Structure formats: structure tokens, C-alpha cells
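Here are a few notes to read alongside the model, for anyone opening it for the first time.

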Amino acid sequence: MYSPQSFNSGAGAYARVGLEIGAMSASPHQLIVMLFDGAKAAMSMARHHMASGDTVAKGNAISKAINIVENGLKASLDATTTGKDGEELVTNLSALYDYINQRLMYANLRNDPAMLEEASKLLESVSSAWREIGSAGAAVPESLSVRQ
């Protein structure tokens, strides 16, 4: 019969396949939304693990959030396709992502839920602006377009 472990690994594999299919069919704008969602989920799990005292799981969740911000969101910024205004926006977003990652690292090191919350709120402000661009049906500015 099925053990809880086989069910969890099977469900996890099914979820990964669904995510991969969604990513393959997503627009560049939707891919960024998926990165924001992934970072938000990782921070939420870190908050949960921090509250329950599970240091290893908290560290893993925070590491995942940092990885998404650094190697997903920040890496997708492309200042080469923009003019002066777009270049400034990319520079500011890059600095904000660096600050968010710094807050996440300190939250992990100091086991500080306030720093985790600060990082989460900052990322949410960028995420909500990004979602608004997509829901308005407006073209995404080239400065924010996803690097291919």
C-alpha cells in the first residue's frame, strides 16, 4: 500500500510537473509573477519554521527566497534595453533586491521575524506593482522586460 512518504513524494512530483508545464507555457510577465509567488511562499514557510523553532527548515526556506530574489528577479533585470529612465529604474530595483536579500540573511542569522516581515513587505510592494502592470493590459516597459 502507499506510505505517507510515497504519497508526499508522489504529490510533490505531480506539483513539480504542473509547475514546469506552467512555466513552459507562461509569458515573460507571468514568469516574473511566478518568481514573486515562489519567494513569497518561501518567506511564509520561513516564518512558520521560525515560529516553530525548526532552524534547519527555516534556513532552507530563507535560502530558497534569497535564491529566487538573486538568481530570478534580480538576474532578469536588463538595463541594456532601456534609456536613461529605465536604467535608473533597473539600478534602483537591483539595489532594493540586494537590500531584501540582506534583510533575509539577517533574519536567518538573528532569528528575527521583524526582518523577515520587512523583506516580505518590500517584495510585496514590487510584486503588487508588477501584477498591476499585467492586469491593466499595458505593455511591460522594456526596462522591466525579462532577459531572454
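1. Keep in mind that this is a predicted model.

2. Next, look at what is tucked away in α3. Its buried residues are A57, K58, G59, A61, I62, A65, I66, I68, V69, G72, L73 and K74. And what covers them? The cover includes α2, α4 (84-110) and α5 (113-135).

3. Now take α2 (residues 28-52) together with α3 (residues 55-74): their axes come within 8 Å and cross at roughly 160°. An angle over 145 degrees counts as roughly antiparallel, so that is how α2 lies relative to α3. The crossing of α2 past α3 is left-handed.

4. Which residues of α2 and α3 meet? On the α2 side they are I32, L35, F36, G38, A39, A42, M43, M45, A46, H49 and M50. Facing them in α3 are A57, K58, A61, I62, K64, A65, I68, V69, G72 and L73. Sorted by class, this contact has 16 nonpolar, three polar and two charged residues.

5. Stepping back to the whole protein, you'll find five helices and zero strands, giving the pattern α-α-α-α-α along the sequence. Of the 148 residues, 33% are buried.

Note on methods:
Residues numbered from 1 in each chain as written. Predicted model: local features only at pLDDT ≥ 70, side-chain atom pairs only at ≥ 80, totals over all residues. Heavy atoms only, no water. Axes fitted to C-alpha atoms, helices over the stretch in contact; angles between N-to-C directions. Helix = DSSP H or I, 4+ residues; strand = E, 2+ residues; numbered from the N terminus. Parallel < 35°, antiparallel > 145°, perpendicular 65-115°, else oblique. Left-handed = near helix turned anticlockwise from the far one by under 90°. Contact = heavy atoms within 4.5 Å. Nonpolar A, V, L, I, M, F, W, Y, C, P; charged D, E, K, R; others polar. Buried < 20%, exposed > 50% of the residue type's maximum accessible area, 1.4 Å probe, protein only.
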